[in-house]
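We will go from stop to stop, with something to select at each one.

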Amino acid sequence: MTSTPRHFARLARHSADFKSAEDARETARLALHEAIVRHLRERNARPGKIAEHTPYDRNWIGDIGRNATPPVPPLKGPNAVGPAPKYDPAVQAAALEELDRLTADYRRAEAAMDKARPLIRAEIVKHYEAGRGPEEVSSYTPYDREWVGTIARSTSTARQRQKKAPASAE
């Protein structure tokens, strides 16, 4: 295994932080989906109520239930199973509390990704302006060569335009 060159150490560290946050977000997303499906199956709360306590809308909650294995049977319509459920307020409150906690975990992981993303981009631009190519830089980022080049060129070009623009006299 080769070690990271010293000039790429910061970029590699930010990329590792991003990857860690991305893994945490995926773990949180899976746990949230698992809880949504479980509460839909157990009829602990209506899909609209579940949507109010997750980052998804009511239709997306329905899609999550339909895409589960096995699919969650619908509450209404020709394929509905049994009579309309009666929701116990205590059970519903406990289910919604769990969804709130899982949603908070998911949002925390997303916030960590959002925090790492601009740090990675700034390092990409720094290395690009220092003369390192996208192929070399991309091996230390979560992005492919084309995306590294796009980030570097767009930000670098914007900086050059700012330098060329004359200061406005008022």
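Start with the largest pocket: select Pro-47, Gly-62, Pro-74, Leu-75 and Lys-76, which lie nearest its centre among the 19 lining residues. A pocket here is an open set of points on a 1 Å grid over the protein atoms alone, where a 1.4 Å probe fits, with protein on both sides within 12 Å along at least five of seven lines; lining residues have an atom within 4 Å of a point. The volume of the largest pocket is about 490 Å³, taken as the space filled by probe spheres set on the points, with grid points joined across faces, edges and corners.

This is a predicted model, so local features need pLDDT of at least 70 and side-chain atom pairs count only at pLDDT 80 or more, while totals for chains, interfaces and linings use all residues. Residues are numbered from 1 along each chain as its sequence is written, and side-chain values use heavy atoms, leaving out hydrogens and water.

Now colour the pocket lining by residue class: 10 nonpolar, 4 polar and 5 charged. Nonpolar covers Ala, Val, Leu, Ile, Met, Phe, Trp, Tyr, Cys and Pro, charged covers Asp, Glu, Lys and Arg, and the others, Gly among them, are polar. Which helix gives the largest share of the lining? It is α3, with 6 residues. Both α2 and α3 supply at least two lining residues each. Helices are DSSP runs (H or I, at least four residues), numbered from the N terminus.

Next, select α3, residues 58-67, and show Ile-61, Gly-62, Ile-64 and Gly-65, which are buried. They span an arc of only 160° around the axis, which puts them on the same side of α3; the arc is that of the directions from the helix axis to the C-beta atoms. Buried means under 20% relative accessible area, exposed over 50%, and partly exposed in between (1.4 Å probe, protein chains only).

Rings of Phe, Tyr and Trp (its six-membered ring) pair if their centres lie within 6.5 Å; planes under 30 degrees apart are stacked, over 60 edge-to-face, and the rest tilted. One of the pairs is Phe-18 with Tyr-143, tilted, at 6.3 Å centre to centre and 55° between the planes. Phe-18 sits in α1 and Tyr-143 in the loop between α5 (134-138) and α6 (145-164), so this pair ties together parts 125 residues apart in sequence. Phe-18 is buried at 5% relative accessibility, and Tyr-143 is buried at 13%.

Then centre on Tyr-56 and Trp-60: their ring centres are 4.6 Å apart and their planes at 50°, so this pair is tilted. Tyr-56 is buried at 7%, whereas Trp-60 is partly exposed at 45%.

Move on to α4 (residues 89-129) and pick Val-91, partly exposed at 35%. Draw a distance to His-39: 9.9 Å, C-alpha to C-alpha, across 52 residues of sequence. Glu-98, also in α4, is buried at 18%. Leaving aside neighbours within four places in sequence, Glu-98 is in contact (heavy atoms within 4.5 Å) with Ala-35, Arg-38 and His-39.

Finish with two backbone stops. Thr-69 and Pro-70 are joined by a cis peptide bond, omega about -10°, and Pro-70 is in the loop between α3 and α4. Arg-43, in the loop between α1 and α2, has a positive phi of about 55° although it is not a glycine.
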